[in-house]
Amino acid sequence: VICCAAGEQHSAAVAEMTDGRFVFTWGMADSGVLGLGNFITCGPCNLPSQVEFETDTKKTGPQHPIMVRCGPNSTGVLCSSKADEEHSLFTFGNGWYGRLGHGDTNSQFHPTRISKLPKGLRDFSLGTDHSAAITMDQELFVWGKASLLGEVQHVLQPKKFSIESASFRFVVCGESETFVVDTQGRLFAWGSNHHGQLGLGPQVGSFLQTPSHVKPIHDPVAHLISGGSFTVAHLENG
């Protein structure tokens, strides 16, 4: 197993086999979150099942999965191909609010490449109702529910998101909050703060519309986990 991920009711893994790399999913299959097409569209799938990627083999060749992430109701797989070494993002599952990034709110039962997202990704994250990705050029793109992205309308396709003059290293989308760490290790946060999960103190209120630097953390952030009502950050200095 190369990597694995778990959502609220489903899980996924990338496994290296003798004949290549493959994605397996299992758990509740509602809204196509397992990416198994018509094989199973609802209810439980108790054993890992292989996910098939439908591609034009003449143009791109077979997909080579690199990373898998699970949101509460969606799944994303970062892939490369022999014809295109730059990484592309495939998503499937529930499409409410445009969280899959395909320009609509439809659910996807097969892995579908996000065509409007620049190729060459280094990181991505799937939240409950929004998603985000960071390119190899260290740019941040977001899509999904409007209120979580500071927008009036839901963002159905990836949209570039800028914070000061920062370049970004990784992003984490939570239940109703977003965290992003720039190349200097600075942490920025916005979204729900009902339980103080943004780390910005009570003075910012219960919801923050725009990103703010989490200044109480003085050292560079290496990793971060969003638990909905709480957040855990691992610093580079240990």
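Let me begin with Arg69, which counts as partly exposed because its relative accessibility is 28%, a value that falls between the 20% and 50% limits. Please bear in mind throughout that this is a predicted model.

What does the side chain of Arg69 meet in a salt bridge? The partner is Asp123, at 3.1 Å from N to O. This pair links distant parts of the chain, with Asp123 in strand 9, residues 121–126, and Arg69 in strand 5, residues 63–70. The two are 54 residues apart. Asp123, with a relative accessible area of 8%, is buried, whereas Arg69 is partly exposed. Arg69 has a further contact: its charged end sits over the ring of Phe124, 5.5 Å from the ring centre.

In the whole structure, the search finds eight salt bridges. One of them joins the side chains of Lys159 and Glu151, with an N to O distance of 2.8 Å. Both residues are partly exposed, Lys159 with a relative accessible area of 40% and Glu151 with 30%. Another salt bridge is formed by the side chains of Arg21 and Glu16, at 2.9 Å from N to O. Here Glu16 is partly exposed, at a relative accessible area of 43%.

I turn now to the aromatic rings. How many aromatic pairs does a search of the whole structure find? There are two. In one, Phe53 and Phe90 are arranged edge-to-face, with 5.3 Å from centre to centre and 85° between the planes. Phe53 lies in the loop between strand 4 and strand 5, while Phe90 belongs to strand 7, residues 88–93, so that the pair links distant parts of the chain, 37 residues apart. Both Phe53 and Phe90 are buried.

The rings of Phe161 and Trp190 make a stacked pair, because their planes lie at 5° with the centres 5.0 Å apart, and planes under 30 degrees apart count as stacked. Since Phe161 is in strand 12, residues 155–161, and Trp190 is in strand 15, residues 187–192, this pair ties together parts that are 29 residues apart in sequence.

Thank you for your attention.

Conventions:
Residues numbered from 1 in each chain as written. Predicted model: local features only at pLDDT ≥ 70, side-chain atom pairs only at ≥ 80, totals over all residues. Heavy atoms only, no water. Salt bridge = Lys/Arg side-chain N within 4 Å of Asp/Glu carboxyl O. Buried < 20%, exposed > 50% of the residue type's maximum accessible area, 1.4 Å probe, protein only. Helix = DSSP H or I, 4+ residues; strand = E, 2+ residues; numbered from the N terminus. Phe/Tyr/Trp six-rings, centres within 6.5 Å; stacked < 30°, edge-to-face > 60°. Lys NZ or Arg CZ within 6 Å of the ring centre and 35° of its normal.
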